Amino acid sequence: MPNMALNKVKMPEQEPDIRNKNFKEVTLGYEDAMAIEEAQRCLNCKTKPCIAGCPVNVKIPEFIQLVADGKFEEAYYKIKETNSLPAVCGRVCPQETQCEQLCVRGKKGEPVAIGRLERFVADWYMKNGKNTETKPKSNGIKVAVVGSGPSGLTCAGDLAKLGYEVTLFEAFHVPGGVLMYGIPEFRLPKALVQKEIQTVKALGVDIQTNMVIGKVLTIEDLKNEGYKAVFIGSGAGLPSFMSIPGENLNGVYSANEFLTRINLMSAYKFPDTDTPVFVGKSVAVVGGGNVAMDAARSAKRLGAENVYIIYRRSETELPARIEEVHHAKEEGIILKLLTNPKQILGTEAGWVKGIECVSMELGEPDKSGRRRPVEKKGSEHIIDIETVIMSIGQSPNPLIAATTPGLDVQSWGGIIVEEETGATSKSGVYAGGDAVTGAATVILAMGAGKKAAEAIDKLLS
Amino acid sequence: MFKIVKKEVLNPTVVLMDIEAPHIARKAEPGQFIILRISETGERIPLTVADYDRDKGTVTIIYQLVGKTTNALAEMNEGDYLLDFVGPLGTASHLEGYKKVAVIGGGLGTAIAYPQAKKLHALGAEVHVINGFRNKDLIILEKEMEKASDKLIVATDDGSNGNKGFVTNVLKQLIDEGNKYDLVIAIGPLVMMRAVSNLTKEYGIKTLVSMNPVMIDGTGMCGGCRLTVGGKTKFACVDGPDFDAHEVDFDEAMRRQGMYKKQEKESVDIHVCKLGGVTNA
């Protein structure tokens, strides 16, 4: 008999008032018994709608059944058949709009906690499993993957499993891309990301850090060096600013810079580490996505007393995951909704001292279907702050496109690909992830890496 | 890991190192830079490529001991390895098509101006180099610059090398003597570059400066290195580091350079303490 409880088994987490002062992981994961209890909520229904909701098609009911039976190791192998980064996905995937949204149990009560179970299995294996990944027999064909974020790691891992000699090029000094520089430690511990990357390395993938493709080697150079195909997964690394007065004052960061300092360079440990970050008593984060939540919660942890999220629409339109908004509010982040910055005010010495905003109201729906925010006349007001974090989006980094003749890109920088294969306008060159779509999710990038790996295999075999 | 194959102390606060980095040596051009890191807890610092040897596969960096990382780097020796060394970053200088160029280096800026002078000279331009230092003990690359130029004038603030003056005075004199430059390149402290820029603006001579702001990735990702150039925001790491001097907002650049002064001092103080320094004595 399945467990017919309407709600998910709760996952333990750090208390808000404690966790908003440290960088340790917020959620603590299931114990064995909790996982089994939750797994028993799966009806193992015939239609299995959840699988179609997963961009990498994890065999969800099968792995959950194995968890219910206490076969955690087997459950891990089942997930790994299609997903090379389960510990990551179990934490940062928006399950509520993917697998869990389609779960039959969600029609009455909460869906099965697929994400929490995936995380449990991955964590259990990291603690108790034996690393059994070995390098498959080589087919001698060289493939280059550019960028070691979610799409690159997935593409590299999948190709390595098929016997390709894969070299993965990373511009930073550690692999992981946005998993390392973007998503904070308290949502995705970095040691865990590196462990997950170890399993990709164990498949024989050669990871070369400090290699800025487009500069030190071009895509053409890679082809000349004998790589038969190239996958570009270089991410969305170009931060957007609002072009309002005061954006170059001291104390204004792009979310990319703020988070990179904290996550990749461990600025939260300064002066034990050498990279500093400046957080004032009051901080304004402009934008309403997951990145904005990450930046706001990081600022709080670095000691800011008041952290404001400034967003021009209402709470319903916030693009961030509901769970992230909920966590942020619990931690004391103040949402300033229907508010839009007009200019950043500075001291004579050039430091931020305030942000002038205007209140908004929602008008008619726009192209995206969301109600367009319009300014309320005469509602200008100033919020006193010392730090501003611009978190209004990132677009694809132009370095590779600029040095690759024949590679077609959109006007906003996204690499143009054939949707089903990831093939670009240049023969033998594939692309996926944020470099194609603009900033999106980890799992969509992984799905794109997977498709491209299949297409590359088809091309070369 | 990147091996230090040569170390040379150029003056008490300036050190030259050749680093084994064949991939970068193959591609580097004057005007470009590298980013290095020396320890797991270290920061990423940008340094301009001072020279490169494509055959030997080495890249030369010249740096001044200003912060924790440069001080720690200066304690390393030939045979030691840098943890990370990435490049070549930034856009190479466009040096083709000039007939007569004044290349100005102030202090450490001389090291950055050197590859530019060398390349211009090789391209057949008449190159006048003006180098300024605080005093004669700080003079670097005099021989190298002599080889890379048709005329070399070294001035010191205190006159200790027998030629007292600022680079701006020297440049003004050369222009007034009738030298018709179609380009001036000025590399050094922001105040010096601003002073040169103000001067050449009066004379209407095109001027390039090399900007070296705070940055992390060097690939356009963080935006920490942004500057206002011609009223628009530019990223020094990808749009530069060379910019039209007459368009650069130097005052803003100076303010932004001071962003982490307090933290930088804290970092250096701790480093000195660990070395048994006397800061708290």
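In what order do the five strands of the open sheet in chain A run? Hold that thought for a moment, everyone, and keep in mind that we are looking at a predicted model.

The order is E3-E2-E1-E4-E16, and the pairing is parallel. At the edges sit strand E3, residues 206-208, and strand E16, residues 429-431, each of which pairs on one side only.

Let me zoom in on one pair of neighbours. Strand E4 of chain A, residues 229-232, pairs with E16(A) in the parallel sense over three bridges. In that pairing, A:Ile232 has A:Ala431 of E16(A) as its bridge partner.

Staying in chain A, let's move to helix H11, residues 190-202. H11(A) has 13 residues and reaches 18 Å from its first C-alpha to its last, close to the 18 Å expected at 1.5 Å a residue. Which residues of H11(A) are buried? They are A:Lys190, A:Leu192, A:Val193, A:Glu196, A:Ile197, A:Thr199 and A:Val200. Looking down the axis of H11(A), these buried residues fall within an arc of 165°, so they line one face of the helix. As a reminder, an α-helix has 3.6 residues a turn, so residues three or four places apart point the same way. Just after H11(A), you will find A:Gly204 with a positive phi of about 105°.

Over to chain B, then. Here we have an open sheet of seven strands in the order E6-E1-E2-E5-E4-E3-E7, with antiparallel pairing. Its edge strands are strand E6 (81-82) and strand E7 (84-89) of chain B, each pairing on one side only. Helix H3 of chain B, residues 109-122, packs on this sheet and touches strand E4 (45-53) and E5 of chain B. The direction of H3(B) makes about 35° with that of E4(B).

Why is E2(B) described as largely enclosed by the rest of the structure? Because six of its seven residues are buried. On one hand, E2(B) pairs with strand E1 of chain B, residues 2-11, in the antiparallel sense over six bridges. A hairpin joins E1(B) to E2(B) through two residues. Along this pairing, B:Asn11 has B:Val14 of E2(B) as its bridge partner, while B:Ile4 stands opposite B:Ile19. On the other hand, E2(B) pairs with strand E5 of chain B, residues 58-64, again antiparallel, over seven bridges.

Last topic: cysteines. How many disulfides are there over all chains? The count comes to zero. Take A:Cys99: the closest cysteine sulfur is in A:Cys54, 6.4 Å away, which is too far for a bond, given that the cut-off is 2.5 Å. A:Cys99 is buried, with a relative accessible area of 8%. A:Cys357 also counts as buried, at 0% relative accessibility.

Conventions:
Residues are numbered from 1 along each chain as its sequence is written. Chains are lettered from A and ligands numbered from 1 in the order in which they are written. This is a predicted model: local features need pLDDT of at least 70, side-chain atom pairs count only at pLDDT 80 or more; totals for chains, interfaces and linings use all residues. Side-chain values use heavy atoms; hydrogens and water are left out. Two strands pair if DSSP finds at least two bridges between them. Helices (H or I, at least four residues) and strands (E, at least two) are DSSP runs, numbered from the N terminus. Buried means under 20% relative accessible area, exposed over 50%, partly exposed in between (1.4 Å probe, protein chains only). The expected span of a helix is 1.5 Å times one less than its number of residues. The arc is that of the directions from the helix axis to the C-beta atoms. Contact means heavy atoms within 4.5 Å. Axes are lines fitted to C-alpha atoms, for helices over the stretch in contact, and angles run from 0 to 180 degrees between N-to-C directions.
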